[in-house]
Amino acid sequence: MGEALLSRLIARAAYQPGEILISDPMQQRREFLAQQYGVGVTADNSEVAAATEVLLLAIKPQVFESVATALPSLGQNGQVPVILSILAGVPLSKLERAFPGVPIVRSMPNTPATVGAGITAIAPGTQVQPEHLDRAKTVLQAVGDVVQVPESLMDAVTGLSGSGPAYVAIFIEALTDGGVRAGLPRAIAAQLALQTVLGTATLIQETQLHPAELKDRVTSPGGTTIAGVAQLEKAGFRSACIEAVQAATERSRQLGS
Ligand SMILES: NC(=O)C1=CN([C@@H]2O[C@H](COP(=O)(O)OP(=O)(O)OC[C@H]3O[C@@H](n4cnc5c(N)ncnc54)[C@H](OP(=O)(O)O)[C@@H]3O)[C@@H](O)[C@H]2O)C=CC1
Ligand SMILES: O=C(O)[C@@H]1CCC=N1
C-alpha cells in the first residue's frame, strides 16, 4: 500500500522524488524503490524520524509496537512532522501513546490509489491542528477522494473500502468464470466482466441513481436478468457481501487491540 501511495504521489508531482525517504528492511526492495522512483532509501527507521512534513507509517499493524519503540523522538530538528498512519485497526490512542505530543492522522486508503481512483477515510488525533490536517489531505487527495469520519467508524471503513478492492476483484473474476462457463473465450469474458463493473459504477456515480433503481431498470419482466438475480439471492450473494464487510471490520478491531 505504501508503494501504491508513493507511485501516485510521484506521478502527480505532489512531491519530488528527492523529497521522499523510504525505510524498508529488505535490500532488494530498497534497490527496486530507488531505481523505480528515484527516491531516497534507508534500512534505518530512525532516519525517517528526521522527516519535516509527513511521516507515513505503512508497516503492518503486527509490527507497530516494535517499530515505534525503536524510533527516536520526532522533530529533533525543531519541526515536528504529521504522522499519517494507514495501519488497519491501530487506534489513535495507541498511536498517541507511542508518539506523545505529535499530531497524528489515522487513515484508511485503498489500492485504487495507485491509479488516482482511491478513497481514503481520515480521523485526526488530539494534537492535530488544521494545518496538519491540510498536510495529510494534500498527500491523500493526490491519490483520490478523502472523507473525514469519527474514529469509531474507521474499522468499518477498513472492512468496506480498505478491503473492498479484493471483494470487487473476486466478483470480476467470478463473472469472468461465469462467462467462460457459458461458452465465451476467457479474454472476451474478462473484458466484458471488467467493463460491466466499471461501466455500472460510472453510471451510478454520474446519474446518482440508487443501485436498486438501476437493477430494476435492467430487469425485464420474465427476462434474463431476473433469472440471474434470483440465483444470486438463492446463493446468498447479498448476505455474503454484508458478512464479508462485517468480518473484515471485526478483524480490523482485533488487529488494533
Ligand atoms: N494492502 C492494502 O490494500 C491496504 C493496506 N493498508 C495498511 O497498510 C499497511 C501495510 O500493508 P500492506 O502494504 O498490505 O503490507 P506489506 O507487507 O506489503 O507492506 C509492509 C511494508 O512494511 C515493511 N516493513 C516490515 N517490517 C518493517 C520494519 N521493521 N521497518 C520498516 N518497514 C518494515 C515491509 O518491507 P519488506 O516487504 O521489504 O519486508 C513492507 O514494505 C498495513 O498496516 C495495512 O493495514 C491500508 C489500506 C489498504
Ligand atoms: O488486509 C488488510 O489487513 C489490509 C487493510 C485493508 C486492506 N488491506
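Mentor: Let us begin with the term domain: domain bounds come from an automatic or database domain assignment. For this protein the assignment gives domain 1 (2–155) and domain 2 (164–256). The centres of domain 1 and domain 2, taken over C-alpha atoms, are separated by 32 Å. This is a predicted model, in which local features need pLDDT of at least 70 and side-chain atom pairs count only at pLDDT 80 or more, while totals for chains, interfaces and linings use all residues. Residues are numbered from 1 along each chain as its sequence is written, and chains are lettered from A and ligands numbered from 1 in the order in which they are written.

Trainee: What makes residues of domain 1 count as being in contact with residues of domain 2?

Mentor: Two residues are in contact if their C-beta atoms, placed from the backbone, lie within 7 Å. By that criterion, 10 residues of domain 1 are in contact with 8 residues of domain 2. The side of domain 1 that touches domain 2 comprises 5 nonpolar, 3 polar and 2 charged residues. Here Ala, Val, Leu, Ile, Met, Phe, Trp, Tyr, Cys and Pro count as nonpolar, Asp, Glu, Lys and Arg as charged, and the others, Gly among them, as polar.

Trainee: Why is G125 called buried?

Mentor: A residue is buried if 20 or more other C-beta atoms lie within 10 Å of its own, exposed if 12 or fewer, and partly exposed in between, with C-beta atoms placed from the backbone. G125 has 21 C-beta neighbours inside 10 Å and therefore counts as buried. G125 lies in the loop between β6 and α6. Leaving aside neighbours within four places in sequence, G125 is in contact with L92, L95, E96, P103, I104, V105 and R106. Buried residues make up 27% of the 257 residues in the protein.

Trainee: How are the helices and strands of the protein identified, and how many are there?

Mentor: Helices (H or I, at least four residues) and strands (E, at least two) are DSSP runs, numbered from the N terminus. The protein has 12 helices and 7 strands. In α1, the residues L5, L6, R8 and L9 are buried, and the buried residues of α1 pack against α2 (27–37), β3 and α6. Just after α1, A13 takes a positive phi of about 55 degrees.

Trainee: What makes a set of residues a nonpolar core, and which have the most contacts inside the largest one?

Mentor: A nonpolar core is a set of buried Ala, Val, Leu, Ile, Met, Phe, Trp, Tyr and Cys residues joined through C-beta atoms within 7 Å. The largest such core has 35 residues, and L57, I83, L84, I104, V105 and A136 have the most contacts inside it. Elements that each supply at least two residues of this core include α1 (2–11), β3 (54–57) and α6 (130–141).

Trainee: How do you know which residues surround ligand 2?

Mentor: A residue is near a molecule if its C-beta atom, placed from the backbone, lies within 6 Å of it. Ligand 2 is surrounded by A88, T158, G162 and S163, which divide into 1 nonpolar, 3 polar and no charged. Around ligand 1 there are 22 residues, of which M1, M26, R29, L87 and A88 come nearest. The shell around ligand 1 has 13 nonpolar, 6 polar and 3 charged residues.
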